Amino acid sequence: MTRPIDTSGLLGDTVARDYSRKLSQFNAFAGPELRQSIASLGLKPGMHVLDAGCGTGDALEWFRAEVGAEGSVTGIDLAAAHTAAARRMAPADTLVVQADLLKPPLAGHTVDLVWSVNTVNHLHDPVAGVRTLAGLLRPGGRIALGQSSLLPDMYFAWDARLERLANEAVRQYYRDRYQVSERDLTAVRSVVGLLQRSGLRDVTVRTVMIERTSPLRPADESYLLETIFRNTWGERLRPYLSDEDFEELTQLCDPEHPDFALRRRDFHFLQSFTLAVGTVDAH
Ligand SMILES: C[S@@+](CC[C@H](N)C(=O)[O-])C[C@H]1O[C@@H](n2cnc3c(N)ncnc32)[C@H](O)[C@@H]1O
């Protein structure tokens, strides 16, 4: 069940790793709620924003719209493929750099806001990551850590048992795949403490719900079908379920099957997006 570890990050990120399709799909799916969270930050024209672990760079244009032409937006990411996708996606006046956020190629004390979504939980030492990013902030600058979370009760409104089994199977898969213990898998509620332990002050947190019912937008359907049903679940869960349960799950996830979950009128899905924000003291 275990695979050899060929990773640099806790969850397997390397320069060569590429899950850009999954990232684009997540951002297309959650775009309205992510933009709502960005709007809540009260950014001003002329500010300097860094997206640390920018992935495919979908947020860069949202930040550009907030800070205007007189501001600056920079994205950094470890993975070559993600950085290349972000360069294609980013507005022309936006800098995208392939770099390790633990060794950021930016001058200290120059950034007004560091935005980092679903990224510091990929580091072996997230406190070191947050401290490094905080060192880039101007006095009074802020760091915003975003974390999305799949809510265990909200896949199959009509079958709590199968939902529970699918969730347990996913957790077991991740523990085996990355050879981490459950304690190593950072939970969404750890971001507040992480900012506090990293020396940030005035830590606030707010969670928005990404809630979808039938009929789904095309962006919702492709995220749920490809990213969740096929890539998060799919064949890799077979060893963790009985033959009968795996077959039932497969049918619910199959667009050709009459029981396909996304065509049910009672389909109701919830994913949360939590944003914790802390402020850096004067250096
Ligand atoms: C789950 S993805 C999130 C991407 C993006 N923030 C989003 O929400 O779509 C995590 C990203 O962090 C990047 N990453 C992981 N470790 C990194 C590091 N040490 N320095 C910079 N980027 C890193 C990965 O390459 C990946 O693009």
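**Getting to know this predicted model**

Q: In which loop does histidine 109 lie?
A: Welcome! This is a predicted model, in which local features need pLDDT of at least 70, side-chain atom pairs count only at pLDDT 80 or more, and totals for chains, interfaces and linings use all residues. Residues are numbered from 1 along each chain as its sequence is written, and side-chain values use heavy atoms, leaving out hydrogens and water. Helices (H or I, at least four residues) and strands (E, at least two) are DSSP runs, numbered from the N terminus. Histidine 109 sits in the loop between strand 3 (95-98) and strand 4 (111-117).

Q: What is the phi of histidine 109?
A: Let's stay with this residue for its backbone. Histidine 109 is not a glycine, yet its phi is positive, at about 60 degrees.

Q: Which residues are closest to the ligand?
A: A residue counts as near if one of its heavy atoms lies within 4 Å of the molecule. The ligand is surrounded by 19 residues, and by class this shell has 9 nonpolar, 7 polar and 3 charged residues. The closest are Gly53, Asp77, His82, Asp100 and Leu101.

Q: How far is a nitrogen atom of the ligand from a backbone N or O atom of leucine 101?
A: Polar contacts here are pairs of N or O atoms within 3.5 Å. Aspartate 77 has a side-chain N or O atom 2.7 Å from an oxygen atom of the ligand, and a polar side-chain atom of aspartate 100 lies 2.8 Å from a ligand nitrogen atom. For the backbone atom of leucine 101, the distance to a nitrogen atom of the ligand is 2.8 Å.

Q: Is the peptide bond from serine 214 to proline 215 cis or trans?
A: Proline 215 belongs to the loop between strand 6 (201-213) and helix 7. The peptide bond that reaches proline 215 from serine 214 has omega near 0 degrees, and is cis.

Conventions
A polar contact is a pair of N or O atoms within 3.5 Å; within protein, one must be able to donate a hydrogen and the other to accept it, and residues adjacent in sequence count only if both atoms are side-chain atoms. Ala, Val, Leu, Ile, Met, Phe, Trp, Tyr, Cys and Pro count as nonpolar, Asp, Glu, Lys and Arg as charged, and the others, Gly among them, as polar.
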